[in-house]
Structures are given as structure tokens and as C-alpha cells.
Amino acid sequence: MSSPRRGYPSDLTDAQWALIKALLPEPNTDRRREEHLRREIVYAILYVVRSGCPWRYLPADLPPWQTVYWYVTRWETQG
């Protein structure tokens with residue numbers, strides 16, 4: 001993971017994260033370890049949704065846009 005990142009207005013509080021964490025699909029345990037924390041992935045998704053920026057414009061202190069987009073499409077498919 002990269003250096004510590006600054007917070008964004010779209011970030012979740014700990015209480016909000018506790019509510020949605022269980023709603024996310026379980027990670028695949030048969031593959032390599034997840035490189036980015038799921039909370040950071042959610043932060044990046046919320047940043048795009050709240051700011052309206054294109055995926056490629058995600059700030060560098062969030063996970064790479066390709067990774068975030070992959071999670072979005074995967075989670076949409078899994079419901």
C-alpha cells in the first residue's frame with residue numbers, strides 16, 4: 001500500500017463502515033492476498049460517485065482506478 005492518504009469528504013466513518021462491511025462479498029481465499037484494503041476500495045468508489053470524476057482521475061493516494069473498477073464490476077455481477 002502507498003503512503004498514508006488524506007481523508008476525503010466521501011470517506012465513511014467507522015460506524016458507517018461497520019454497517020456495510022458485512023454486505024460485501026467475501027474475498028477469494030484460493031487466490032493471492034488482496035493488495036488493497038476493501039475499505040480503501042469502497043472509499044475510492046464513493047469518491048468517484050460523490051465527485052463525478054472519471055475512473056482514471058482517482059487521486060494517487062487511493063487504489064489504482066483499474067483495481068477499483070474491477071471490484072465494482074465484480075461486486076455488481078455478484079449482486
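Which residues is Tyr 43 in contact with, leaving aside its neighbours within four places in sequence?

The model is predicted: local features need pLDDT of at least 70, side-chain atom pairs count only at pLDDT 80 or more, and totals for chains, interfaces and linings use all residues. Residues are numbered from 1 along each chain as its sequence is written, and side-chain values use heavy atoms, with hydrogens and water left out.

**View 1. The whole chain, with three helices and zero strands.** Along the sequence the pattern reads α-α-α; helices (H or I, at least four residues) and strands (E, at least two) are DSSP runs, numbered from the N terminus. The radius of gyration, taken over C-alpha atoms, is 12 Å, close to the 12 Å that the globule rule gives for 79 residues, so the chain is as compact as a globular protein of that length. The globule rule is 2.2 Å times the number of residues to the power 0.38. Along the principal axes, the C-alpha atoms fill a box of roughly 30 × 25 × 25 Å. Of the 79 residues, 37% count as buried; buried means under 20% relative accessible area, exposed over 50%, and partly exposed in between (1.4 Å probe, protein chains only). The chain exposes about 5800 Å², of which carbon and sulfur atoms supply 54%; accessible areas come from the Shrake-Rupley method with a 1.4 Å probe, and for residues only the protein chains shown count as cover.

**View 2. Tyr 43 in helix α2.** Tyr 43 counts as buried, at 7% relative accessibility. Leaving aside neighbours within four places in sequence, Tyr 43 is in contact (heavy atoms within 4.5 Å) with Arg 5, Ser 10, Asp 11, Leu 12 and Leu 62. Val 68 is 25 residues from Tyr 43 in sequence, and the C-alpha atoms of the two are 9.5 Å apart.

**View 3. Leu 12 in the segment before α1 (14-21).** At 18% relative accessibility, Leu 12 is also counted as buried. Not counting residues up to four places away in sequence, Leu 12 touches Trp 17, Ile 20, Arg 39, Val 42, Tyr 43 and Leu 46. One of these, Arg 39, is 27 residues away in sequence and 8.7 Å away in space, C-alpha to C-alpha.

**View 4. The aromatic cluster of Trp 70, Tyr 71 and Trp 75.** Rings of Phe, Tyr and Trp (its six-membered ring) pair if their centres lie within 6.5 Å; planes under 30 degrees apart count as stacked, over 60 as edge-to-face and the rest as tilted. By this rule the count comes to four aromatic pairs. The ring centres of Trp 70 and Tyr 71 are 5.0 Å apart and their planes stand at 90 degrees, so this pair is edge-to-face. Trp 70 is partly exposed, with a relative accessible area of 41%, whereas Tyr 71 is buried, with 7%.

**View 5. Arg 74 in helix α3 (residues 65-78).** Arg 74 is buried, its relative accessible area being 11%. Apart from neighbours within four places in sequence, Arg 74 is in contact with Glu 26, Asn 28 and Arg 38.

**View 6. Pro 54 in the loop between α2 (38-51) and α3.** Pro 54 counts as partly exposed, at 44% relative accessibility. Pro 54 and Trp 65 are eleven residues apart in sequence, with a C-alpha to C-alpha distance of 9.2 Å.
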